[in-house]
Amino acid sequence: MRDVQRLWQVDTLPYTRQAVRSKQDQKALEVLVERTIRVDVDGVLRYATPLLRLEDGTQFNIDQRSIHPTLKRTEKHLQSKPEVAEIHNKQINQLVEAGFVKKIPEEEAKESKESWYIPHHVVEHNGKHRLVFNCSYEYEGKSLNRHLLPDPKSFDQLGDLIKATKQSQDGAASVSQTSHLTADDVEKTEGILYRQIQKDCFPEEFKLAKAGKSLPSNSRLLQFDVVYEDRCDLLRLGGRLRKANPLEQQTKHPIILDPNHYITRLVIKSYDHQLHHPGPERVLAEIRRRFWIIRGREAIRRHQRECVECRKWRAKPVVPKMSDLPVSRLQLFKPAFYSTGVDCFGPMTVSIGRRSEKRWGSYF
Ligand SMILES: [Zn+2]
């Protein structure tokens, strides 16, 4: 019985899983939150993140002369294989063009307190070529990989994101005290995230509505009769339910969200999960008590098509196509038992007196 219960649990029940952040993950997040900046790369605003260094005071310095032999070897190898050299150069140029790699003037290199060498080479896999950088390269017992924090896990649960946002709001000092959030904390932090969605997806509208001005005539929010709410600094749906007194204020005027923002996707995911993966209409109805996701039904369907649990629940059993009957079963016009088959079953436990024994059965 216990095994059957276990089978149900592991096989079909949507079990809850709580992501636990390791100390290293938390540290890495702090560094990212504190020191990520926006930079202009050829007119495109990009995020520049710091290296996730362990704060152990290690300085990276490499003697240029010491890497000459390695560079010579690489050069020789590339000379002997011009087609690899071409790929190598092309990939390096792509990195330069994208702004990930930059040639620095010699003075800057001399003045710099730190320098390091990352060996790289071209590898081929399934006909595709890739430039690989070896960050485990060791010099005088140091290597980048050993002195960098691993990438923090990206958030795939809304709850984790809320917690991490709260932590970054409070600053690193109180990280350990905020493992339990009060309802008030959650509401405030959620507000920050939803505002982020609105500012990312409808920046113009947000500014205008906040200033009490009307939206431009080509705005995609025009049809929603947007109202700006002072108290929580969010855009809400105006709608026609103002006189529906029994309804809660947040249901009458749900928060407007863009369906493609990743935080909106986490909202949908968390509702789907909490409701144990019901049909899209049910998820939509529940979400609409608080949010108005633009083209929400479509967004929920899109999520559920990807959601593993939803797919498990909705999967249809497949009846395998039966193969042709074997010749032995097709002995037409022959006497009975001309050909027979045998099968057996068991064991079953039978009681004999006060002991029990195993018994097998076979049939022809
Ligand atoms: Zn689902």
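Q: Helices are DSSP runs of H or I with at least four residues, numbered from the N terminus. In which helix is Gln249 placed?
A: The model is predicted. Its protein chain has 13 helices and ten strands. The helix that spans residues 249-252 includes Gln249, and this is helix 9.

Q: How far apart are the C-alpha atoms of Gln249 and Arg290?
A: Along the chain, Gln249 and Arg290 are 41 residues apart.

Q: How are helix 10 and helix 12 oriented relative to each other?
A: Helix 10 covers residues 262-274 and helix 12 covers residues 296-306. The two pack with their axes 10 Å apart and at an angle of about 70°. Angles of 65 to 115 degrees count as roughly perpendicular. The orientation of helix 10 to helix 12 is therefore roughly perpendicular.

Q: What is the handedness of the crossing of helix 10 and helix 12?
A: On the side of helix 10, the residues that meet helix 12 are Arg265, Ile268, Lys269 and Asp272. Their counterparts in helix 12 are Ala299, Ile300, His303 and Gln304. The crossing of these two helices is right-handed.

Q: Which residues does Ile268 contact, leaving aside neighbours within four places in sequence?
A: Ile268 lies in helix 10. This residue has 25 C-beta neighbours inside 10 Å and therefore counts as buried. Its C-alpha atom is 7.9 Å from that of Val283, at a sequence separation of 15 residues. Beyond four places in sequence, the contacts of Ile268 are Ala299, Ile300 and His303.

Q: Is Asp233 exposed or partly exposed?
A: Asp233 lies in the loop between strand 5 (226-229) and strand 6 (234-237). Although not a glycine, Asp233 has a positive phi of about 60°. A count of 14 other C-beta atoms within 10 Å therefore makes Asp233 partly exposed.

Q: Is His276 buried or exposed?
A: His276 has its place in the loop between helix 10 and helix 11 (280-287). Its phi is positive, at about 60°, although the residue is not a glycine. Because His276 has 12 C-beta neighbours inside 10 Å, this residue counts as exposed.

Q: Is the peptide bond from Gly346 to Pro347 cis or trans?
A: Pro347 is found in strand 9, which runs over residues 343-352. The bond that joins Gly346 to Pro347 has omega near 0° and is cis.

Methods:
Residues numbered from 1 in each chain as written. Predicted model: local features only at pLDDT ≥ 70, side-chain atom pairs only at ≥ 80, totals over all residues. Axes fitted to C-alpha atoms, helices over the stretch in contact; angles between N-to-C directions. Parallel < 35°, antiparallel > 145°, perpendicular 65-115°, else oblique. Left-handed = near helix turned anticlockwise from the far one by under 90°. Contact = placed C-beta atoms within 7 Å. Buried ≥ 20, exposed ≤ 12 C-beta atoms within 10 Å, placed from the backbone.
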